[in-house]
Amino acid sequence: MKMKSRIVTILLASLAVVCTSLAGTETNTTRGFRGPAEMEAFVDGVIAAQLESLHIPGAAVAVVADGKVYFAKGYGYADLEKHRKVDPETTMFRIASVTKLFTWTAVMQLVEQGKLDLKVDVNAYLKAFKIPATFPEPITLTHLLTHTAGFEDSEIGEYSLDPAHFKSLGQVLAN
Amino acid sequence: MRPPGYLVVYSNYGAALAGLIVQEVSGMPWEDYIEKNILAPLDMHHTTVRQPVPAALTNDLVTGYLYAGGEFQPQGFEIELKSPAGAMSASATDMARFMIAHLQNGRYGEKRILSETTAKTMHSPLFTNAPGVSPMLYGFWERTPNGERMLEHGGGTFSGVTLLSLWQFQGQILWLHQFSVLANLRLRLWDTNTSTTIEWLPMQHFSYTDQLPGLLHPGDNWMGGIVAAPVTDPIQFVESFWTPQALPHLRNRRPAAREDFPGIARQAIANDRCWQAQAVRLRYAFERQDRPWEQDVCFTLAYAPVNAGVAMWNVQRAYTCFAPKGGLDARASHIKAVIANVNMTPEWLATYSVVKQLQRQGLQQQMADTAAFGRKLQEYTAHIRQLGQQMHEERMKSFDRIAESQREYLGGVETYNDPYQRQGVYMPAGYKAYWVNEKGEVVLSEQASYNPNVGDVNDWRKMERRDPMRQ
């Protein structure tokens with residue numbers, strides 16, 4: 001558990017800042033900052049303090065505005081032993097549950113193509129196994145899209161450090 | 001582990017299932033689909049959904065560390081078995097590209113990952129703009145870099161509530177500005193073991209005058225009440241207000257039984273100074289996927305006297321319970337205990353009163369979009385906490401009185417002292433031992449000598465029965 005929370009913190013260090021800045025840029029691109037250089041000075045201070053106080057080896061920040069990357073910078077190390085520094089362009093962080101946004105985007109692409117309907121029982125699309133009818137309403141993609149915070153599954157069987165445990169998606173979900 | 005079915009909706013499993021559907025429908029593995037249709041058009045070259053990360057990219061992957069004993073200890077690559085829920089590794093600027101595409105409603109440079117219409121739909125929290133539908137699609141925004149993520153906060157306010165063990169809780173506020181505040185509060189509880197579910201139904205104030213001014217039409221929101229002629233038959237009320245949206249599976253069904261609660265009706269008349277009220281429980285039966293179900297719909301309809309030509313009426317205490325056939329009666333006292341406790345949740349009442357306050361301040365126009373409402377609610381976070389505390393204290397003071405009136409119609413429920421919360425909680429009657437732990441989880445046993453502390457890390461304390469007549 002401890003290990004997990006540390007890794008999550010590293011990710012949040014990179015992602016949380018991106019998100020917060022975005023919310024600001026959406027309404028007013030330069031509010032508070034006269035340019036990327038000024039933002040850099042601000043972010044440098046914030047990140048340096050966080051890396052030190054939270055014992056985070058490395059983080060990356062990217063801010064977008066007006067359809068472009070407004071500011072991006074890496075901090076600290078991607079690997080301490082190999083002295084690999086964080087590069088905002090290339091260093092890859094585990095983004096964990098943010099992956100879901102890609103899955104939802106894929107779902108919406110297929111909805112757009114008319115291949116999926118958000119209101120149809122998911123069993124219509126499942127071939128290998130079916131979801132049993134435990135409740136009166138059928139489960140639809142609309143339900144799946146509404147994944148709600150606070151109801152994460154048991155972490156047992158969720159993660160593994162052994163690649164041999166990697167199974168096909170159908171196998172994982174059929175259980 | 002949770003049983004499959006309803007619960008998977010709110011989980012990594014649900015997201016992974018969506019990934020599997022993408023796989024089945026597109027005819028290619030989920031990983032291939034994401035690479036071809038999202039990563040490639042967005043030039044996300046330092047991103048992968050493969051686990052472990054392909055050899056060409058391993059030098060770009062961060063090493064996770066555990067900081068312990070003053071030093072960093074490298075950790076292995078964690079494989080997320082439900083890959084569509086969390087497999088990805090990505091660089092910061094690659095994530096920026098994905099955000100740009102979403103912020104520009106699907107467009108990235110000359111390319112598109114979504115049409116503008118689809119992107120806007122996806123970004124709309126009130127995807128189903130009909131009243132009574134559960135507040136869907138918020139979940140997406142909780143994890144999205146946008147102002148609307150504030151709503152996560154609104155949900156989070158409730159997530160700490162623990163009820164009788166095994167009951168799961170979901171509470172949210174939905175902002176349908178054209179409806180009155182009561183219609184915007186949502187609450188759903190379910191028992192993982194028995195599929196028993198309790199759901200609060202949209203409540204609503206109504207106003208009616210037979211001399212409608214020219215600008216008002218039936219269905220308009222007039223001073224917080226929807227303009228509608230009073231419906232005095234409860235069955236007809238269910239048919240006209242809930243079966244179109246909140247309870248679609250009961251459409252065209254007649255209740256198998258009806259029970260009236262004159263005690264609750266009298267209480268409503270006394271509390272709200274209305275001239276007429278009826279409290280009912282309607283029992284419906286239906287088949288779903290070869291399984292018989294039963295469902296109770298409970299509510300109070302209250303009518304105020306006509307004042308200056310306007311009749312006000314409303315639906316109160318509206319909730320529904322459903323379970324596989326036989327489940328509702330078998331578990332009646334548990335269901336009642338859960339309902340009695342949840343009615344009194346301080347966070348719930350506090351948030352409700354803030355929403356009411358915002359509405360009184362006439363902010364409904366400014367809050368017409370959900371993002372703005374979420375921000376507003378966040379501004380009030382401290383206030384909600386403070387109110388929660390106040391209400392908690394008031395609750396403790398008035399607990400006995402309320403407990404008594406609740407029991408009047410609930411029956412089968414007893415009051416116990418929770419030594420952690422130092423307050424009363426309602427428990428189903430008839431057990432020999434009632435234990436609670438620091439997390440608020442409760443264990444009931446039919447054996448007086450039962451002690452959950454044996455072999456458990458939680459600190460369980462025994463709850464004593466409280467005599468409501470004596471403080």
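Modeller: Two strands count as paired if DSSP finds at least two bridges between them; strands (E, at least two residues) and helices (H or I, at least four) are DSSP runs numbered from the N terminus. This is a predicted model, in which local features need pLDDT of at least 70, side-chain atom pairs count only at pLDDT 80 or more, and totals for chains, interfaces and linings use all residues. Residues are numbered from 1 along each chain as its sequence is written, with chains lettered from A and ligands numbered from 1 in the order in which they are written.

Colleague: What is the order of the strands in the open sheet of chain A?

Modeller: The order is β1-β2-β3, with antiparallel pairing. Strands β1 (58–65) and β3 (84–85) of chain A are the edges, each pairing on one side only.

Colleague: Which helix of chain B packs on the sheet?

Modeller: Helix α3 (residues 92–103) of chain B touches β1 and β2 of chain A, and its direction makes about 25° with that of β1(A). Contact requires C-beta atoms, placed from the backbone, within 7 Å. Axes are lines fitted to C-alpha atoms, for helices over the stretch in contact, and angles run from 0 to 180 degrees between N-to-C directions.

Colleague: What average pLDDT does chain B have?

Modeller: pLDDT is the predictor's confidence in each residue, from 0 to 100. Chain B averages 70, and 60% of its residues score at least 70. Over residues 398–409 of chain B, pLDDT stays under 50. Where pLDDT is low, the predicted coordinates should not be read in detail.

Note on methods:
Contact = placed C-beta atoms within 7 Å.
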